[in-house]
Amino acid sequence: MGGGGRCAARLWRGPGRTARILVAVWSPLAVLVAALSVAVAAWAGWRAVRDRPVILRQLLAGGVVEALLLVQVVIAAVRSATGDGPADAATFWGYLVTTLFVLPVAAVWAFAERTRWSSVVLVVASLTVAFLAYRCVQVWTGA
Amino acid sequence: MTSPEGSEPTADIASPGTSTATGPGRVLVAVYAVLALAATARSAVQITRDLEAAPVAYLLSAVAAVVYVVATVALARGRRTAAWAAVGFEAVGVLAVGALSVAAPDLFPDDTVWSGFGAGYGYVPLVLPLLGLVWLARTRGRTPDAWRTPLG
């Protein structure tokens, strides 16, 4: 009886620990997304100044940001499912899902132009993602 | 602007007037797309949540969102007439609503994209149509006549 109780307690603690980890990584992840987006913007801005178009390596960097965004989606979904969701669910998901589309669409749009203006397009898109990541955190906490 | 036609794999080269979407125009379209997205999302949330709270402001938001989408598509596809109309409408809209929101704030219990001349969006809604009009004027005549559709 006692052993069974301990086992149940251990099983019970499992999800709690996962939830704590998800809570702990949430804000640093958002900060990382925003910081990387700003870095991608800076890189693109530098290339625009030097009259260079977007190159494939920049799209890969954007792909890293995109992958982190997908991790955010998973964490947000798990937290929402366990009753620890955002203050304003509709607005939050609106922001997060919108954010997912910005870089892929911008990548296609920028890559079709082989001039410095493609770099400016990437600056606009990555700054948009950084801003949206910041808003996501705000909306989650209800600010 | 100076990009050779062959470097545009996704665009239909024979389509009329893609010239508004190349060079600086490509950036203009990108910023328009972001604003269209922001205005559409905001308007959708406002209308589905509580239309009665501020019907004038919310319907205006919806109109602005539609016009931004039209402007984005028209500039991206080089539809000059539609682009002139949409961008011109935005210029008039942001100036008129901006002035009204300052003079008669009672009309707008909640903000629209154009309130305070677009202050809530970093004045992008004020600057963008002006840039759009300049860009359309500067690229005027760039499209060969043979490519023009009867409407523009």
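Helices are DSSP runs of H or I with at least four residues, strands are E runs of at least two, and both are numbered from the N terminus. With that in hand, chain A reads α-α-α-α from its N terminus on. That is four helices and zero strands.

A word on the source. This is a predicted model, where local features need pLDDT of at least 70, side-chain atom pairs count only at pLDDT 80 or more, and totals for chains, interfaces and linings use all residues. Residues are numbered from 1 along each chain as its sequence is written, while chains are lettered from A and ligands numbered from 1 in the order in which they are written.

Now chain A as a whole. It has 143 residues, and 36% of them count as buried. Buried means 20 or more other C-beta atoms within 10 Å of the residue's own; exposed means 12 or fewer; partly exposed is in between; C-beta atoms are placed from the backbone. Next, contacts, meaning C-beta atoms within 7 Å. Take those in chain A between residues at least 6 apart in sequence: 82% join residues at least 24 apart.

Next, a helix pair. How do α2(A) and α3(A) cross? Helix α2 of chain A spans residues 56-81, helix α3 of chain A spans 89-111, and their axes come within 10 Å and cross at roughly 160°. Axes here are lines fitted to C-alpha atoms over the stretch in contact, with angles from 0 to 180 degrees between N-to-C directions. So α2(A) is roughly antiparallel to α3(A), a label for angles over 145 degrees. Among the residues making the contact are A:Leu59, A:Leu69 and A:Ala76 of α2(A), and A:Leu96, A:Leu103 and A:Ala107 of α3(A). By class, the contact has 11 nonpolar residues, four polar and one charged. Nonpolar covers Ala, Val, Leu, Ile, Met, Phe, Trp, Tyr, Cys and Pro; charged covers Asp, Glu, Lys and Arg; the others, Gly among them, are polar.

On to two loop residues. A:Asp51 sits in the loop between α1 (2-49) and α2 of chain A. Its phi is near 65°, a positive value in a residue other than glycine. Is A:Asp51 buried or exposed? A:Asp51 is exposed, with 9 other C-beta atoms within 10 Å.

Over in chain B, B:Tyr123 lies in the loop between α3 (80-103) and α4 (124-138). The phi of B:Tyr123 is also positive, near 60°, and this residue is not glycine either. B:Tyr123 is partly exposed, with 14 other C-beta atoms within 10 Å.

Methods. Angles under 35 degrees count as roughly parallel, over 145 as roughly antiparallel, 65 to 115 as roughly perpendicular and the rest as oblique. Two residues are in contact if their C-beta atoms, placed from the backbone, lie within 7 Å.
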